[in-house]
Amino acid sequence: TQDVEDFLNTDFGKAIVIYNSVDSEQFHDTQSMAADQMVFAYFGRIDPRKGIEVLINAFKLCATQKVLWIIGSGDNQYLNKLKAMAVGYSIQFRPYQSDIAHLLEQANVVVLPSLYGEGMSRIVLEAMAGSRLILVSDLRSNCEALGELADKYSFPVGDAKALGEKM
């Protein structure tokens with residue numbers, strides 16, 4: 001990302017960005033299979049820096065006729081905290097899966113609420129390859145991935161209210 005290029009140019013001189021890519025043949029440009037309710041999905045590591053608490057709090061603001069999937073693995077203590085926050089809401093926790101194309105087809109919107117430490121996230125690219133809407137925190141790397149759509153589909157880092165309004 002541009003952040004990495006800036007860092008390397010400061011310390012080492014000359015660097016260029018070579019962006020991640022995804023095999024777009026794995027992802028299909030389809031209507032979401034979730035016709036009766038809106039499905040929001042988070043794919044990634046279960047870790048405090050990923051901002052999943054922000055996502056759950058945002059979801060609570062707009063949960064009517066909506067479902068949230070949190071798909072990933074990681075810090076079990078943090079996962080238990082998230083599960084406690086989710087009680088009483090249509091929030092489903094699923095373990096990490098390496099092949100997510102079929103899950104992307106079922107989701108309407110993919111959310112990446114990272115608080116810090118994000119590079120060029122593959123899930124952003126995979127969601128776009130599958131023609132899914134994506135909402136991202138306004139970290140520089142996330143906005144860089146969305147390009148000219150960043151203003152429309154990003155929200156301030158850590159701001160559950162702003163994310164809830166976009167949801």
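Trainee: Which residue forms a salt bridge with Glu165, and how far apart are the closest N and O atoms?
Mentor: The model is a predicted one, and in it the partner of Glu165 is Lys161, with the closest N and O atoms 3.8 Å apart. The cut-off is 4 Å between a side-chain nitrogen of Lys or Arg and a carboxyl oxygen of Asp or Glu, so the pair qualifies as a salt bridge.

Trainee: Where do Lys161 and Glu165 lie?
Mentor: Both belong to helix α8 (residues 160-166), where they are four residues apart, about one turn of the helix.

Trainee: Why is Lys161 called exposed?
Mentor: Its relative accessible area is 56%, and exposed means over 50%; therefore Lys161 counts as exposed. Glu165, with 60%, is exposed by that cut-off.

Trainee: What makes Glu126 buried?
Mentor: Glu126 has a relative accessible area of 11%. Buried means under 20%, so Glu126 is buried. Its salt-bridge partner is Arg122, the closest N and O atoms being 3.4 Å apart. Arg122 is partly exposed because its value of 43% falls between the two cut-offs, 20% and 50%. Both residues lie in helix α5, four residues apart, about one turn of the helix.

Trainee: How many salt bridges does the structure hold?
Mentor: It holds five. Another of them joins the side chains of Asp47 and Arg49, at 4.0 Å from N to O. Arg49 is at 25% relative accessibility; this lies between 20% and 50%, so Arg49 counts as partly exposed.

Trainee: How do you know that Arg132 is buried?
Mentor: Its relative accessibility is 8%, and the limit for buried is under 20%, which means that Arg132 is buried. Arg132 is placed in the loop between α5 and β5. Its side chain reaches the backbone oxygen of Glu105 at 3.3 Å, and the limit for a polar contact is 3.5 Å.

Trainee: Is Ser121 buried or exposed?
Mentor: Ser121 is buried, because its relative accessible area is 11% and the limit is under 20%. The residue sits in the loop between β4 and α5 (122-129). Ser121 and Ala145 are 24 residues apart in sequence, and their C-alpha atoms are 8.2 Å apart in space.

Trainee: What makes strands β4 and β5 a pair?
Mentor: Four bridges join β4 (residues 109-112) to β5 (residues 133-137). At least two bridges are needed, so the two strands pair. They run parallel, and Val109 has Leu133 as its bridge partner in β5.

Trainee: Why are β3 and β6 called edge strands?
Mentor: The open sheet has six strands in the order β3-β2-β1-β4-β5-β6, with parallel pairing. Strands β3 (91-94) and β6 (154-155) each pair on one side only.

Trainee: Which residues have the most contacts inside the largest nonpolar core?
Mentor: They are Phe43, Leu163 and Met167, in a core of 49 residues. Helix α2 (residues 52-61) supplies the largest share of this core, six residues. Beyond residues up to four places away in sequence, Leu163 touches Val54, Leu55, Ala58, Val111, Leu135 and Phe155. In soluble globular proteins, nonpolar side chains tend to be buried together.

Note on methods:
Residues are numbered from 1 along each chain as its sequence is written. This is a predicted model: local features need pLDDT of at least 70, side-chain atom pairs count only at pLDDT 80 or more; totals for chains, interfaces and linings use all residues. Side-chain values use heavy atoms; hydrogens and water are left out. A nonpolar core is a set of buried Ala, Val, Leu, Ile, Met, Phe, Trp, Tyr and Cys residues joined through side-chain atoms within 4.5 Å. Buried means under 20% relative accessible area, exposed over 50%, partly exposed in between (1.4 Å probe, protein chains only). Contact means heavy atoms within 4.5 Å. A polar contact is a pair of N or O atoms within 3.5 Å; within protein, one must be able to donate a hydrogen and the other to accept it, and residues adjacent in sequence count only if both atoms are side-chain atoms.
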